[in-house]
Amino acid sequence: MVYLEGWRIRRYGTGVVLGSAVLSLLSSVLIVWLYVDRNLLARLSGLSQSMLAIAGGNLQSPLPATGRDEIGRMAEALRLFRDTAVEVEEKNLREVAEARQRLVDAIESISEGFALYDTRDRLVLCNSRYREILYPGIADAVVPGAQFETIVRKAVEQGLVEDAKGQEEEWLAARLAAHCNPKQTLVQHRSHDRWVQVNERRITGGGTVAVYTDISTLKRHETELEIARDAAMAATQAKSKFLASMSHELRTPLNAILGITEMLQEDASEAGQGELIEPLQRVARAGKHLLKLINEVLDLSKIEAGRLELHVEEFDIASVVQDAVMTAQPLAQKNRNCIIIRCPDEIGSMRADQLRVRQILLNLLG
């Protein structure tokens with residue numbers, strides 16, 4: 001009985017020990033599961049997910065709670081990093097917005113129309129001058145995102161393009177082709193007698209930038225100049241006809257005067273009236289000079305055409321001066337003037353067009 005009782009006690013003690021060991025093991029597992037897995041691992045997992053979200057650009061991602069342990073301090077450092085990133089991002093956004101506004105203000109202040117289209121020909125940006133010059137009355141259709149073809153087609157339908165009237169589709173096709181492959185400056189005749197110069201250029205990365213200049217005033221000046229030019233050409237033609245007619249009308253009586261003068265010289269010589277010969281010679285010289293001028297009166301038209309020919313020759317200067325003075329002497333005496341010549345005899349000769357030089361002297365004396 002004693003033996004049996006001892007065996008039972010030992011068996012009971014062993015059970016107690018084993019039970020205690022099992023309970024201890026379960027307690028350890030429970031502690032690890034509750035603290036390590038649910039606390040440490042969960043917090044680390046949450047911290048890792050937050051870091052990945054922030055690195056991906058999601059600055060609004062929730063952060064794990066801070067604390068006094070290492071994980072808590074890591075969460076606090078991550079929070080500071082996120083706040084700094086948010087501040088930097090907000091600052092960058094403000095600077096970008098300010099830069100964009102400055103660009104918009106600068107574009108709005110220029111006197112030309114400005115427009116920027118993207119690679120799909122959608123309007124990105126334009127100023128009010130662009131709408132005013134090209135699309136008066138349909139400004140509501142010229143908004144960011146609108147297609148270039150849609151805007152231009154509506155302008156044609158509204159009759160805002162004079163060049164397109166009567167050939168709308170042909171004009172639209174040519175305009176779209178020029179817009180897609182801009183190579184040269186275009187000039188458009190718009191409504192209300194307005195002329196617009198279009199300069200389009202492709203930009204790096206695609207898209208089109210265009211500047212539109214109102215040249216209506218310049219066009220009107222060109223029209224006025226064309227009218228003045230035509231009037232001047234008509235006046236020149238009338239002048240040429242007049243000069244040709246007058247040269248013929250003057251040449252005929254002048255030839256008669258020269259002929260009569262020669263006859264009078266012969267008669268005076270035969271009659272021994274020497275005092276009449278010299279005045280008659282002056283009349284003959286003046287008449288011949290006038291005849292040469294009349295014969296070349298159409299040189300004005302030659303000068304205008306750049307075809308005036310000079311007859312260059314060598315002649316004595318003193319004789320030309322003396323001849324010019326003698327021709328002008330009767331006019332001077334009539335006006336009670338006196339012509340005094342100061343021309344050295346040894347002045348020599350010159351090479352020029354004698355008729356033109358003589359005419360210059362007569363003009364000066366006259």
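This is a predicted model: local features need pLDDT of at least 70, side-chain atom pairs count only at pLDDT 80 or more; totals for chains, interfaces and linings use all residues.
Residues are numbered from 1 along each chain as its sequence is written, and side-chain values use heavy atoms, with hydrogens and water left out.

Visitor: Which strands stand at the edges of the sheet?
Guide: The open sheet has 5 strands in the order S2-S1-S5-S4-S3, with antiparallel pairing (strands are DSSP runs of E, at least two residues, numbered from the N terminus; two strands pair if DSSP finds at least two bridges between them). Each edge strand has a single partner strand, so one side of each is left without a neighbour in the sheet, and these strands are S2 (123-126) and S3.

Visitor: In S4, what is the bridge partner of Leu186?
Guide: Strand S3 (residues 186-190) and strand S4 (residues 194-202) pair in the antiparallel sense over 5 bridges, and they form a hairpin with 3 residues between them. Within S4, the bridge partner of Leu186 is Val198.

Visitor: Which helix supplies the largest share of the lining of the largest pocket?
Guide: Helices H7 (274-295), H9 (317-334) and H10 (354-365) each supply at least two residues of that lining (helices are DSSP runs of H or I, at least four residues). The largest pocket is lined by 13 residues, with His289, Lys292, Gln354, Leu355 and Arg358 nearest its centre (a pocket is an open set of points on a 1 Å grid over the protein atoms alone, where a 1.4 Å probe fits, with protein on both sides within 12 Å along at least five of seven lines; lining residues have an atom within 4 Å of a point). The largest share, 4 residues, comes from H7.
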